[in-house]
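Have the sequence and the coordinates at hand as you read.

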Amino acid sequence: EVARRYLPAEIVDRKKVGFRVPLDAWFRSSLRDTVRERLTGSGSFVAATFDKKAIEGILDRHDSGRFNEESRIWTLMSLEVWHEVFFSGRTSA
């Protein structure tokens, strides 16, 4: 109600919108090497479970900048971390 004193109704009454995290950019820059190692490295559950070449293809497509594979990469990373936490007994940062 305080905002109504200072902001137009179209701002105060609009639906909430989420905060978008720039995973697509992070997966091409600061998280690139970590993601690649976690998803294709020798200790990777994902690499042992799925076709490693297909995973590398997803990462390469994303790295090219012509495709946005963030949802697939995020899903694979979530699976990798889930497996690590609940089945390998290891936890990581």
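Thr34 is partly exposed, with a relative accessible area of 41%; the label covers values between buried, under 20%, and exposed, over 50% (1.4 Å probe, protein chains only). This residue sits in helix α4, and its C-alpha is 17 Å from that of His83, 49 residues away in sequence.

A word on the ground rules: this is a predicted model, where local features need pLDDT of at least 70, side-chain atom pairs count only at pLDDT 80 or more, and totals for chains, interfaces and linings use all residues. Residues are numbered from 1 along each chain as its sequence is written, and side-chain values use heavy atoms, without hydrogens and water.

Now to the spaces.

| Space | Volume | Lining by class |
|---|---|---|
| Largest pocket | about 180 Å³ | seven nonpolar, two polar, one charged |
| Largest cavity | about 60 Å³ | four nonpolar, one polar, three charged |

Ten residues line the largest pocket, and Leu31, Arg38, Trp74, Met77 and Val81 are the closest to its centre. Helix α7 (70–88) gives the largest share of this lining, four residues, while α4 (32–40) supplies at least two.

The structure has one cavity of 30 Å³ or more. Its lining consists of Phe27, Arg32, Val35, Arg36, Leu59, His62, Asp63 and Ile73, with at least two residues each from α4 and α6 (52–64).

As for terms, on a 1 Å grid over the protein atoms alone, a 1.4 Å probe fits in a cavity but cannot get out, a pocket is an open set with protein on both sides within 12 Å along at least five of seven lines, and lining residues have an atom within 4 Å of a point. Volumes are the space filled by probe spheres set on the points, which are joined across faces, edges and corners. Helices are DSSP runs (H or I, at least four residues), numbered from the N terminus. Ala, Val, Leu, Ile, Met, Phe, Trp, Tyr, Cys and Pro count as nonpolar, Asp, Glu, Lys and Arg as charged, and the others as polar.
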